[in-house]
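Subject: Structure handover

Hi,

Here is the structure to look through. Please open it first, then read the notes below.

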Amino acid sequence: MRTDLNRGNIKSYYNKEVIDLLRKYKIKATLFMTGMWTDVYPAESRELANDPLFEIENHSYSHLSFSQKKCFNLKAIARKEMLNDLKKSQAAILKNTGKKPNYFRFPGGCYDNFSLSTVNEFGLTPVQWDVSSGDAYLKEGEKINNHDNNKNNINNHDNNKKDRKSTRLNSSH
């Protein structure tokens, strides 16, 4: 993430347009942030955390897969590093938002028994989405619209590769 930003490969990982729409329509959302995202965007992290529409939760520090099996194109974190990643992420999110996460969403949604036990033992409650928008597989510029009246957890991403933005949302209406 930082490398792509520093090299100019990606303009921003902050999708202000999505946040503006959520605010405009007063849609409550749980934002699962990586600790690294909060370190790169501390002011935005604090602003989002102070907005009563948003709940801030943990999505790891550096978005590595917590499963030893193939998980999309994510590199796997070593088992011995999982606890450190959780601690680092929790500390960064608390420092940058003032909020202590209680929930954890696995990067890529991939986990195994070891990672599930590690997250539980760390004191976080794992959360998985129950509706996938399928947007993580879209090509550049393709869009997907979700409308859900069933209070499902919907996993959405912004897939404009040239101006990659990464606000990961599980939204409940």
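Exposed means over 50% relative accessible area, buried means under 20%, and partly exposed is in between (1.4 Å probe, protein chains only).

Two notes on how to read this. This is a predicted model, where local features need pLDDT of at least 70, side-chain atom pairs count only at pLDDT 80 or more, and totals for chains, interfaces and linings use all residues. Residues are numbered from 1 along each chain as its sequence is written, and side-chain values use heavy atoms, with hydrogens and water left out.

**Helix α6**

α6 spans residues 113–122. Helices (H or I, at least four residues) and strands (E, at least two) are DSSP runs, numbered from the N terminus. The buried residues of α6 are Ser115, Thr118 and Val119. They sit on the same side of α6 because they cover an arc of only 95° around the axis. That arc is taken from the directions from the helix axis to the C-beta atoms. The cover over these buried residues includes α5 (79–97), β3 (103–104) and β4 (125–126). Contact here means heavy atoms within 4.5 Å.

Now the ends. Asp112 caps the N-terminal end of α6, with a side-chain oxygen 3.2 Å from the backbone nitrogen of Phe114. After α6 comes Gly123, and its phi is positive, near 100°.

**The disulfide**

A disulfide is a covalent bond between the sulfur atoms of two cysteines. The search counts a pair of cysteine sulfur atoms within 2.5 Å. Across the whole structure, it finds one. Cys71 is joined to Cys110, S to S 2.2 Å. The pair links distant parts of the chain, 39 residues apart. Cys71 is in the loop between β2 (54–58) and α5, and Cys110 is in the loop between β3 and α6. The link is right-handed, with 85° about the S-S bond. Cys71 and Cys110 are both buried.

**The cores**

A nonpolar core is a set of buried Ala, Val, Leu, Ile, Met, Phe, Trp, Tyr and Cys residues joined through side-chain atoms within 4.5 Å. The largest has 17 residues. Ile19, Leu31, Trp37, Leu48, Phe54 and Ile56 touch the most other members. α2 (16–24), β1 (29–33), α4 (42–49) and β2 each supply at least two residues. β1 gives the most, with three.

Best wishes

Note on methods:
A polar contact is a pair of N or O atoms within 3.5 Å; within protein, one must be able to donate a hydrogen and the other to accept it, and residues adjacent in sequence count only if both atoms are side-chain atoms.
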